[in-house]
Amino acid sequence: EDITALALSPNGQELVTAGRDMMVKTWDVLTHKKVRSWKAGQGNSFVQKLCYDETGTLVAGGCSDAMVRVWDAGRGFATHSFGGHSALVTSLVFGPTPRADPNKLCLYSGAEDGEVRIWALDTKSCKAVLNGHDSAVTALELHSETKTLVTAGRDRVVIAWDLTTKKSVHTLPVYDHVEGMAIVQASAPGGDKEATPEETSVGKHKRGKRGAGAQDEQPAPRSGMLRGNLEVVTAGANGVLKRWKLGSGACVVSESERPGTVGYVALLSLPVGLGSGAGAAQSSLIAVTIENTLLFFDPASLAIQKQMVGYNDEILDVGFACTEPPILAVCTNSDHLRLFDTTSQSCRLLYGHTNVILGVDCHAKLGLVATASKDRIVRIWHVESGTCVAVGEGHVDAVGAVAVHGYAGVVG
């Protein structure tokens with residue numbers, strides 16, 4: 001059965017999935033074996049969204065019957081069932097676990113009709129309803145230091161909510177049907193030092209003695225100022241990542257336009273140490289396209305660090321474009337050439353043809369790749385730079401094959 005939702009546990013050792021078979025299953029990441037499974041709900045209800053709480057002990061699911069359900073991840077039984085939404089649940093996130101009383105945990109859900117609800121697990125009730133979107137709420141992000149909930153949807157709007165007053169404080173038109181969003185570390189204008197989590201903490205009472213009433217003296221405007229400095233990255237149908245400052249509504253950084261741009265369907269924030277390279281010192285953003293391609297971005301510059309292709313359709317031809325590092329040139333049922341680094345599994349997409357590429361041949365020593373296409377064009381590509389260095393025209397029909405002379409570098 002098709003998988004409709006999945007989520008990775010905070011410790012990275014367990015994966016939970018749900019599908020149209022109306023079952024929820026947990027898997028051991030290391031052994032790839034199923035650990036347990038349980039029914040998602042009543043009747044034909046299946047889960048569309050899944051998320052773990054920060055301890056990894058609870059799993060929440062947004063279901064097709066407009067219900068929000070919570071399960072014990074270790075034993076697979078239901079702990080909560082929340083009814084109130086009148087449309088499909090399209091986004092879901094747990095709040096941080098309160099240290100003073102872990103039972104006072106909150107769960108946030110967004111629905112297809114634009115409604116956002118806050119659920120209190122201790123009282124098993126709806127704590128608040130937030131109305132501001134006109135279409136499906138596709139992304140929910142929490143910033144605990146400023147007590148802010150940021151929501152985004154297909155109505156092309158991002159809204160920041162004050163969780164103390166349950167009121168919207170910033171509304172940003174982003175001119176894109178948002179499918180994914182992530183809060184990123186704010187860039188400091190003028191080279192100012194970026195605020196650390198300790199500096200932005202509202203309470204600032206981790207350790208040490210403080211004067212009576214010191215916590216109460218933290219002014220509300222301070223929290224509002226910090227909230228205004230928050231920045232989010234949005235991904236949507238336009239296929240261009242954009243970074244926004246909540247306070248001013250300005251677009252700080254935009255992804256460079258590239259040929260063959262397709263829409264994004266999701267955006268994930270990868271924690272520090274799990275970035276595009278081993279032992280990465282900073283976090284990465286992963287954007288998922290409608291063509292099942294994963295693109296790793298630097299959150300600051302929105303520059304592409306790495307690409308991974310999960311679906312190749314029909315493979316028509318293949319050749320070794322380079323031996324060191326080992327790079328494989330692949331043409332599929334597509335108009336772009338794929339260069340796979342067999343060591344890192346990263347893939348580069350080279351654009352230029354306007355119809356399906358039917359053949360490929362390589363000169364590994366020179367680092368050149370020749371491609372033949374249905375567009376009646378032959379192109380020569382430089383592997384290292386990823387640029388097209390020559391174009392051959394003259395065919396009156398589709399070019400089905402191409403060959404490169406091993407010594408002279410002649411294409412025929």
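How many residues lie between S7 and S8 in their hairpin, and which residue in the turn has a positive phi?

1. Basis of the note. This is a predicted model, in which local features need pLDDT of at least 70, side-chain atom pairs count only at pLDDT 80 or more, and totals for chains, interfaces and linings use all residues. Residues are numbered from 1 along each chain as its sequence is written, and side-chain values use heavy atoms, with hydrogens and water left out.

2. The hairpin of S7 and S8. Five residues separate S7 from S8 in this hairpin, and Gly76 in the turn has a positive phi of about 80°. Strands here are DSSP runs (E, at least two residues), numbered from the N terminus. S7 pairs with strand S8 (residues 78-82) in the antiparallel sense over four bridges; pairing requires that DSSP finds at least two bridges between two strands. Within this pair, Val70 stands opposite His80 in S8.

3. The hairpin of S6 and S7. Strand S6 (residues 58-63) runs antiparallel to S7 and is joined to it by five bridges. Leu58 has Asp72 in S7 as its bridge partner. Four residues lie between S6 and S7 in their hairpin, where Ala66 in the turn has a positive phi of about 70°.

4. Burial of S7. Strand S7 (residues 68-72) is largely enclosed by the rest of the structure, because five of its five residues are buried. Buried means under 20% relative accessible area, computed with a 1.4 Å probe on protein chains only. In a regular strand the side chains alternate between the two faces of the sheet. Both faces of S7 are covered, with Val68, Val70 and Asp72 buried on one side and Arg69 and Trp71 buried on the other.

5. The sheet of S29 to S32. Four strands form an open sheet in the order S29-S30-S31-S32, with antiparallel pairing. Its edge strands, S29 (357-363) and S32 (387-392), each pair on one side only. S29 and strand S30 (residues 368-373) are paired antiparallel over six bridges, and Val360 has Thr371 in S30 as its bridge partner.

6. Cavities. The search of the whole structure finds two cavities of 30 Å³ or more. A cavity is a set of points on a 1 Å grid over the protein atoms alone where a 1.4 Å probe fits but cannot get out; lining residues have an atom within 4 Å of a point. The largest cavity holds about 60 Å³ of space. It is lined by 10 residues, of which Arg258, Val262, Thr289, Leu349 and Tyr351 are the closest to its centre.

Definitions and conventions
1 Å grid on protein atoms, 1.4 Å probe; cavity = no way out; pocket = protein on both sides within 12 Å on 5 of 7 lines; lining within 4 Å. Points joined across faces, edges and corners; volume = space filled by probe spheres on them. Buried < 20%, exposed > 50% of the residue type's maximum accessible area, 1.4 Å probe, protein only.
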